[in-house]
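Keep the sequence and the 3D view open as you go.

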Amino acid sequence: MSIQGSTGLPAGEKGFMVGYLEALSLVERLHRLLLDVIKDEFERVGVLEINAVQALLLFNIGDNEVTAGELKSRGYYQGSNVSYNLKKLVEMGYMHHQRCEIDRRSVRVRLTEKGRYIRDVVANLFGRHADGLEDKGVLGPEGVVEITASLRRVERYWTDQIRYIY
C-alpha cells in the first residue's frame, strides 16, 4: 500500500499533514527495505529456504521461549502471519515446539541450533549496519534516541486509537 492522495485540508494545516504522510511513506519504505536487506544477506551467505520475515521472527524470539500469542501481544506480528511462519519454521527445523503444560491449547516455541544460527546472522548484519551508520556519520547515538522516542510516541498514539475506538 502506498500512502498518497489529497489532504482536503486548509492550506495552514496541509504542512503538517504533508509531513505526516511523508513520514508514513518513509516508515513503509524502510520496512520493505529492511526485508530486502535481510534477504540480500541470506542470499550472500547461501541461506535460501527461509524468507526475511521468518528470519526477523527468529531474531525477535532470540533466546526466549514464547507462544504465538506473546509475539502478537508484543506487537511484532499479526495473528495469521505468526501462526503460518511459526509452523513453517518448526517444519524446517529452525524451531522446537511443545504444548504448554498449563494450557494444552497453547504451544511454546524456541529456537533450535539451526534457528540460533539464523538469529546470529541477522544480529551480525544489524551490528555491521549500526557500526556503518555511526562511522559514516549517518546517525549517531543522539539521533537513534530521538528517532526511537518519536516512533514510540506514534506507536502509543496509534495503539490508543485502536484500543479506545469502541
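A cavity is a set of points on a 1 Å grid over the protein atoms alone where a 1.4 Å probe fits but cannot get out. Its volume is the space filled by probe spheres set on the points. This is a predicted model, where local features need pLDDT of at least 70, side-chain atom pairs count only at pLDDT 80 or more, and totals for linings use all residues. Residues are numbered from 1 along each chain, and side-chain values use heavy atoms, without hydrogens or water.

**Exercise 1.** Find the residues that line the largest cavity.

Solution. Start with the count: one cavity has 30 Å³ or more. The largest cavity holds about 30 Å³ of space. Its lining (residues with an atom within 4 Å of a point) consists of E65, H96, H97, Q98, R108, V109 and R110. Strands β2 (95-99) and β3 (107-111) each give two or more of these residues; strands are DSSP runs of E, at least two residues, and helices are runs of H or I, at least four.

**Exercise 2.** Describe how α2 and α5 cross.

Solution. Take the axes, lines fitted to C-alpha atoms over the stretch in contact. Those of α2 (residues 52-61) and α5 (residues 113-135) come within 8 Å and cross at roughly 95°. The helices are therefore roughly perpendicular (65 to 115 degrees). Contact means heavy atoms within 4.5 Å. On α2, A55, L56, L58 and F59 make the contact; on α5, G115, I118, R119, V122, A123 and F126 do.

**Exercise 3.** Classify the aromatic pair of F16 and Y20.

Solution. Rings pair if their centres lie within 6.5 Å, and planes under 30 degrees apart count as stacked. The F16 and Y20 rings are 6.4 Å apart, centre to centre, with 5° between the planes, so the pair is stacked. Both residues sit in helix α1 (residues 11-45), four residues apart, which means about one helical turn.

How values were computed: Axes fitted to C-alpha atoms, helices over the stretch in contact; angles between N-to-C directions. Parallel < 35°, antiparallel > 145°, perpendicular 65-115°, else oblique. 1 Å grid on protein atoms, 1.4 Å probe; cavity = no way out; pocket = protein on both sides within 12 Å on 5 of 7 lines; lining within 4 Å. Phe/Tyr/Trp six-rings, centres within 6.5 Å; stacked < 30°, edge-to-face > 60°.
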